[in-house]
Amino acid sequence: MPESVNTYSEEEILKGCQQGERLYQEMLYRQFATKMYGICMSYAGERPLAQDMLQDAFVKVFRNILNYRGDGSLEGWIRRIVVNTAIDHIRQRKNIVKLDKERTVLQPTHVYNDALSNIQLKELMNFIGKLPEGARIVFNLFAVEGFTHKEIAERLHITEGTSKSQYNRARNMLMGWLGNL
């Protein structure tokens, strides 16, 4: 009976998951859940939604584990499922890109390298979490996941211009906050 993720190789855990063995599924979950939860939080902005996203994503991982061909890393494959699940959740909420009635235009603030080097990842994630939902989602997809504005527009059912606008809004807000450190 498997007890620890550390005593089994990723290949053994993967094979057990592909055979539908719950103990191996639990090990896979324990191995990746914390990192994937962080991704969910960056899209959700609130814990309950992030937890729902994570749960749904791992259900999809286990349902589709036989489709994993080993072309890339297992973590990358799981990450793609998590991101797509997060996008689906947000799309379902029908609040994808909700522009505020009053547009706040922030002047870009010069951000010193010292400020960036002194900021902790946790603090940066906190700032990203404070972004308005539409700006936060587009920022994550563009700056973190590496999607193009065209791909973001297609996935979120928005225009490419809206994607660019939301990214710039997020970037300007973050620069303003980081400049005030």
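This is a predicted model: local features need pLDDT of at least 70, side-chain atom pairs count only at pLDDT 80 or more; totals for chains, interfaces and linings use all residues.

Q: How is a pair of aromatic rings described?
A: A pair of aromatic rings is described by two values, the distance of the centres and the angle of the planes. In this structure there are 7 aromatic pairs; one of them joins Tyr68 and Trp77, whose rings lie 5.5 Å centre to centre with 55° between the planes, and this pair is tilted.

Q: Is Tyr68 buried or exposed?
A: Tyr68 has a relative accessible area of 13%, so this residue is buried, the cut-off being under 20%.

Q: Why is the pair of Phe139 and Tyr167 called stacked?
A: The planes of Phe139 and Tyr167 stand at 10°, with the ring centres 5.9 Å apart, and the pair is therefore stacked, because planes under 30 degrees apart count as such.

Q: Which parts does the pair of Phe139 and Tyr167 tie together?
A: Phe139 belongs to helix α7 (residues 133-144) and Tyr167 to helix α9 (residues 160-179), so the pair links parts that are 28 residues apart in sequence. Phe139 counts as buried at 12% relative accessibility, and Tyr167 is buried with a relative accessible area of 16%.

Q: Which residues do ring pairs link into a cluster?
A: The cluster consists of Tyr29, Phe58 and Phe62, linked by ring pairs.

Q: Where is Gly129 placed?
A: Gly129 sits in helix α6 (residues 121-130) and, at 32% relative accessibility, counts as partly exposed. The C-alpha atoms of Gly129 and Met41 are separated by 7.8 Å, although these residues are 88 residues apart along the chain.

Methods:
Residues are numbered from 1 along each chain as its sequence is written. Side-chain values use heavy atoms; hydrogens and water are left out. Helices (H or I, at least four residues) and strands (E, at least two) are DSSP runs, numbered from the N terminus. Buried means under 20% relative accessible area, exposed over 50%, partly exposed in between (1.4 Å probe, protein chains only). Rings of Phe, Tyr and Trp (its six-membered ring) pair if their centres lie within 6.5 Å; planes under 30 degrees apart count as stacked, over 60 as edge-to-face and the rest as tilted.
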